[in-house]
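Subject: Structure handover

Hi,

Here is the structure I promised to pass on. Please open it first, then read my notes below.

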Number of protein chains: 2
Amino acid sequence: AVGEVYLVGAGPGDPELLTFKALRLMQQADVVIYDRLVSPQVLDLCRRDADLIYVGKERDNHSVPQHGINALLVAHARQGRRVVRLKGGDPFIFGRGGEEIEELRAAGIPFQVVPGITAASACSTYAGIPLTHREYAQSVKFVTGQLKNRTSDLNFSELVHPNQTIVFYMGLHTLDHLCRGLIEHGKPESTPVAIVSQGTSPQQRVLTGTLSDIVALQQVAQLPAPAVVIVGEVVELQSRLSWFGKAEGSQA
Amino acid sequence: AVGEVYLVGAGPGDPELLTFKALRLMQQADVVIYDRLVSPQVLDLCRRDADLIYVGKERDNHSVPQHGINALLVAHARQGRRVVRLKGGDPFIFGRGGEEIEELRAAGIPFQVVPGITAASACSTYAGIPLTHREYAQSVKFVTGQLKNRTSDLNFSELVHPNQTIVFYMGLHTLDHLCRGLIEHGKPESTPVAIVSQGTSPQQRVLTGTLSDIVALQQVAQLPAPAVVIVGEVVELQSRLSWFGKAEGSQA
């Protein structure tokens, strides 16, 4: 009999932010295929005798390409195994989950998808930055800051509207490009910016500044990836509302 | 001694989508102050002897106004109690969590915030609609479709850019206004739209159409609130990728 594939969001790293559904499926899995950003603490919660298969990280030359991952999922399910495909964050927000289940669907393999707490939500919460706020931002937008492998460049003109919060995923390596692009397209230089590095982990660090100075501040602070970059007036609340760990930054 | 307030995201309704951290704090709470969209199945998981206080729903005349909720949180914490403020979805995405913790901060009351799976993520996952996809949408935006109590009207010009997914929270009552506004500002009439009603519950229903026909389809189907409205090319994937419950719609 054919197996089944569970596409599971592992959340941002803190194992307490796993959902009950994620843990239940992880403990039923015969094989777990995981990639970058799944924390060791989360992996530890998989069934003891499950096969764990690492398929690499996007910026890593040793990673398995997407079509190889798709083929792995199909092959293991065809052997009748219960497969958990474990992804950091949420499978449907920059997780390429859609591509994986299209392949499963084409192969006639049953699947389920379990949402996870996405990085934008977890990192902003643990940093004390509400993504929406009646006075500052009536909408929030998630954008990938990674430029390679993209079919089109960023459309900055859609990112400079006022009263919205922008969260860049994987924006640390292109921070200079992002800030310059936003300023050139009319976003005020004084717009507040926060970098949340290793969000929700004991190593979480938050750096705040503005579009005009965050690049220089990060050159000194050297916060490591993974990180999200949050742009918008809501970042001003961070110095008052932070509650987890300790914050550092220009307004401290 | 002063108590503590935990602002906890209860997720979209399915109790299996609660996080471990949410459940742990719910089981420690002396008092739970909850509002609209917290499902009965989730409430059942609170400590048996906790006081449960309902503070109403936004469209309900009998609800407690926001400043009254803020005052309740402060008053209970000042009595030395552990207070869980339980919200549907995520506290920092259209949850007014920022306003509540500003009040706690001003009153010197310790707090923590626990992110929850937000409706956009949960409903799209359970409907089989990836929010981002390399071929269709490189960004996703969350907007509130509710117009009363808003400081400004919707800025449609920021919502019509191609290659993005838009999710309207509470957009069912303003569906006609939203579709007309998007079309008038240049979004193609053929843009796919999905309504996900009572997402993640056994009563979940999905209705799909386009900007030009979804209003008429909904007049017939009469899907009930709560619902999210998803606009963008990714909705086309729904007929192939749905896996939870059954879907209905114009392309069925």
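Let me start with the surface. Chain A exposes about 9,700 Å², and carbon and sulfur atoms supply 49% of that area. Keep in mind that this is a predicted model.

**Chain A overall**

The secondary structure of chain A comes to eight helices and 11 strands. Its radius of gyration is 19 Å, close to the 18 Å that the globule rule gives for 252 residues, so chain A is as compact as a globular protein of that length. Along the principal axes, the C-alpha atoms of chain A fill a box of roughly 60 × 35 × 35 Å.

Of the 252 residues in chain A, 59% count as buried. On charge, chain A has 23 positive and 25 negative ones.

**The core**

Nonpolar side chains tend to be buried together in soluble globular proteins. Here, the largest nonpolar core has 118 residues. Which residues have the most contacts inside it? They are L86(A), F142(A), L86(B) and F142(B).

Take F142(A) as an example. Leaving out residues up to four places away in sequence, F142(A) touches I93(A), F94(A), T118(A), A120(A), L131(A), V167(A) and Y169(A) in chain A. F142(A) also touches S139(B), V140(B) and F142(B) in chain B.

**Helix α4 of chain A**

Helix α4 of chain A covers residues 97-107. Its buried residues are G97(A), G98(A), E99(A), E100(A), I101(A) and L104(A). What do they pack against? In chain A, the partners are β1 (4-9), α3, β4 and β5 (111-114). Just after α4(A) comes G108(A), with a positive phi of about 75°.

R96(A) is in the loop between β4 and α4 of chain A. Its phi is near 60°, a positive value in a residue other than glycine. R96(A) is partly exposed, because its relative accessible area is 23% and buried would mean under 20%.

**Other backbone points**

Most residues other than glycine have a negative phi, and most peptide bonds are trans. Some places here depart from that pattern. Q198(B) has a positive phi of about 50° although it is not a glycine. Q198(B) lies in the loop between β8 (192-197) and β9 (205-210) of chain B. With a relative accessible area of 26%, Q198(B) is partly exposed.

Then look at the cis peptide bonds. One joins A225(A) and P226(A), with omega about 0°. P226(A) sits in the loop between α7 and β10 (227-231) of chain A. In chain B, the bond from A225(B) to P226(B) is cis, with omega near -5°. P226(B) is in the loop between α7 (214-221) and β10 (227-231) of chain B.

Q218(A) is in helix α7 (residues 214-221) of chain A. Is Q218(A) buried or exposed? Buried, with a relative accessible area of 11%. Beyond residues up to four places away in sequence, Q218(A) touches L172(A), L175(A), I195(A), L207(A) and L223(A).

R81(A) is found in the loop between α3 (66-78) and β4 (82-87) of chain A. With sequence neighbors up to four places away left out, R81(A) touches G3(A), E4(A), D30(A), V31(A), D51(A) and H76(A). R81(A) and Q41(A) are 40 residues apart in sequence. In space they are 24 Å apart, C-alpha to C-alpha.

V113(B) belongs to strand β5 (residues 111-114) of chain B. Its relative accessibility is 0%, so V113(B) counts as buried. The contacts of V113(B) include residues of both chains. From chain A come T125(A), Y126(A) and W243(A). From chain B come L7(B), P91(B), F92(B) and I101(B), again not counting residues up to four places away in sequence. V113(B) and E158(B) are 45 residues apart in sequence and 30 Å apart in space, C-alpha to C-alpha.

Best wishes

Terms used: Residues numbered from 1 in each chain as written. Chains lettered and ligands numbered in written order. Predicted model: local features only at pLDDT ≥ 70, side-chain atom pairs only at ≥ 80, totals over all residues. Heavy atoms only, no water. Core = buried A, V, L, I, M, F, W, Y, C linked by side-chain atoms within 4.5 Å. Buried < 20%, exposed > 50% of the residue type's maximum accessible area, 1.4 Å probe, protein only. Contact = heavy atoms within 4.5 Å. Helix = DSSP H or I, 4+ residues; strand = E, 2+ residues; numbered from the N terminus. Rg over C-alpha atoms; globule rule 2.2 N^0.38 Å. Areas by Shrake-Rupley, 256 points an atom, 1.4 Å probe, with all protein chains shown as cover. Lys, Arg positive; Asp, Glu negative; His and termini not counted. Charge placed at Lys NZ, Arg CZ, Asp CG, Glu CD.
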